[in-house]
Amino acid sequence: MCEKSSAASREARLACPVCPHHCLLAEGQTGRCLARKRENGKIVSISYGKLTSLMPDPIEKKPLRRFYPGSRILSAGSFGCNLACPFCQNHEISMAGSREAEWREVSPEELAELAWEYRPYGNIGVAFTYNEPLVGWEYVRDTARLVRERGMKNVMVTNGFACLPVLEELLPYVDAMNIDLKGFSEAWYEKLGGDLETVKRFIARAARSCHVELTTLIVPGENDSEEEMEREAAWIASLDADIPLHVTRFFPRYRMTDREPAQVRQVYRLRDVAAARLKHVYTGNC
């Protein structure tokens with residue numbers, strides 16, 4: 001009886017706690033993000049220290065317009081994502097796992113030291129970006145702690161689709177975030193494999209503890225109505241009208257090459273709608 005119970009326990013699936021998908025994983029199974037796996041009875045990060053991308057970028061490229069403008073930041077990415085955006089411009093790494101992506105090992109200590117060495121070139125710290133950093137949040141936490149100890153800044157570029165305990169682990173070390181607010185309808189988020197309310201909770205919590213800017217990519221026929229932008233801007237203003245919003249233009253990418261680019265005039269129109277509520281609204285890709 002005890003042996004049968006023990007065997008059943010070993011076979012029981014574990015729920016990953018990082019995001020609302022809560023993937024139920026058997027031993028050896030990888031979650032839908034391709035960056036987390038069950039090993040030895042625990043859910044672990046398999047992307048830890050595995051960087052696919054490393055580049056010093058202008059801070060405005062994150063995009064962050066009101067956080068140390070004119071500076072540069074060492075930008076690092078791994079692989080995996082917990083959403084499935086069909087327009088993803090980094091799909092080669094965000095939709096890949098450890099076997100598909102090309103990566104090299106960079107420890108938290110090595111990345112923090114590299115950021116320090118880049119200071120003479122205007123570098124202010126490290127940005128965790130390119131893929132979704134939250135699916136490998138442990139590496140973000142460990143590296144960001146070391147970067148902070150050196151008196152430098154940490155930035156995270158994220159979809160915000162994570163459970164709040166993960167955010168709480170990171171907030172003591174993160175100075176700024178750009179969070180993708182994909183749109184303001186549950187229907188659109190369902191198409192992307194996410195949930196609007198989860199992202200709203202994430203944004204609201206992050207905005208209380210660090211500098212936050214938001215980005216909405218305008219996809220024709222999906223999230224490009226003035227009514228939706230009015231709702232989005234009103235909600236952001238209810239948190240803080242000083243939160244910057246980047247309204248950016250869609251170009252055909254990945255699995256959405258059948259669409260036309262968003263019209264420039266519509267992006268500017270939606271910028272104007274948002275600006276009626278918010279103090280800092282910027283356009284991108286126009």
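How much space lies in the second largest cavity? About 100 Å³. That cavity has 13 lining residues, and Cys16, Cys19, Cys23, Cys33 and Arg36 are the closest to its centre. By class, its lining divides into seven nonpolar, four polar and two charged residues. Keep in mind that this is a predicted model.

Cys33 sits in the loop between β2 (24-25) and β3 (36-39). Is Cys33 buried or exposed? Its relative accessibility is 8%, and the cut-off for buried is under 20%, so Cys33 counts as buried. Leaving aside residues up to four places away in sequence, Cys33 touches Gly80, Cys81, Asn82 and Val135. What about Cys19? Cys33 and Cys19 are 14 residues apart in sequence. In space, their C-alpha atoms are 9.8 Å apart.

The loop between β2 and β3 also holds Leu34. Look at the backbone there. Leu34 has a positive phi, about 70°, although it is not a glycine. Leu34 is partly exposed, with a relative accessible area of 29%.

Now the largest pocket. Its volume is about 1100 Å³. It is lined by 42 residues. Which of them lie nearest its centre? Lys62, Gln89, Asn90, Asp180 and Thr215. The lining divides into 16 nonpolar, 16 polar and ten charged residues. Several strands contribute. β10, β11, β12, β13 (245-249) and β14 (281-284) each supply at least two lining residues.

Thr215 lies in strand β12, residues 211-218. Thr215 is buried, with a relative accessible area of 8%. What does its side chain make a polar contact with? The partner is the side chain of Asn178, at 3.0 Å. Beyond residues up to four places away in sequence, Thr215 touches Pro63, Asn178, Ile179, Asp180, Leu181, Leu245, His246 and Thr248. Note Asp180 in that list. Asp180 is also among the residues nearest the centre of the largest pocket.

Note Pro63 too, as one of the residues that Thr215 touches. Pro63 lies in the loop between β6 (53-58) and β7. The peptide bond from Lys62 to Pro63 is cis. Omega is near -10°. Lys62, at the other end of that bond, is again one of the residues nearest the centre of the largest pocket.

α7 covers residues 196-207, twelve residues in total. From its first C-alpha to its last, the helix reaches 16 Å, close to the 16 Å expected at 1.5 Å a residue. Which residues of α7 are buried? Leu196, Thr198, Val199, Lys200, Phe202, Ile203, Arg205 and Ala206. A reminder on helix geometry. An α-helix has 3.6 residues a turn, so residues three or four places apart point the same way. What covers the buried residues of α7? The cover includes strands β10 (153-158), β11 (176-180) and β12. It also includes helices α5 (164-170), α6 (186-192) and α8 (226-239).

Last stop, the cavities again. How many cavities of 30 Å³ or more does the structure hold? Three.

Tyr130 is found in the loop between β9 (123-128) and α4. Its phi is near 75°, a positive value in a residue other than glycine. Tyr130 is buried, with a relative accessible area of 19%. Leu34, with its own positive phi of about 70°, is partly exposed at 29%.

How values were computed. Residues are numbered from 1 along each chain as its sequence is written. This is a predicted model: local features need pLDDT of at least 70, side-chain atom pairs count only at pLDDT 80 or more; totals for chains, interfaces and linings use all residues. Side-chain values use heavy atoms; hydrogens and water are left out. Helices (H or I, at least four residues) and strands (E, at least two) are DSSP runs, numbered from the N terminus. Buried means under 20% relative accessible area, exposed over 50%, partly exposed in between (1.4 Å probe, protein chains only). A polar contact is a pair of N or O atoms within 3.5 Å; within protein, one must be able to donate a hydrogen and the other to accept it, and residues adjacent in sequence count only if both atoms are side-chain atoms. Contact means heavy atoms within 4.5 Å. The expected span of a helix is 1.5 Å times one less than its number of residues. On a 1 Å grid over the protein atoms alone, a cavity is a set of points where a 1.4 Å probe fits but cannot get out, and a pocket is an open set with protein on both sides within 12 Å along at least five of seven lines; lining residues have an atom within 4 Å of a point. Grid points are joined across faces, edges and corners, and a volume is the space filled by probe spheres set on the points. Ala, Val, Leu, Ile, Met, Phe, Trp, Tyr, Cys and Pro count as nonpolar, Asp, Glu, Lys and Arg as charged, and the others, Gly among them, as polar.
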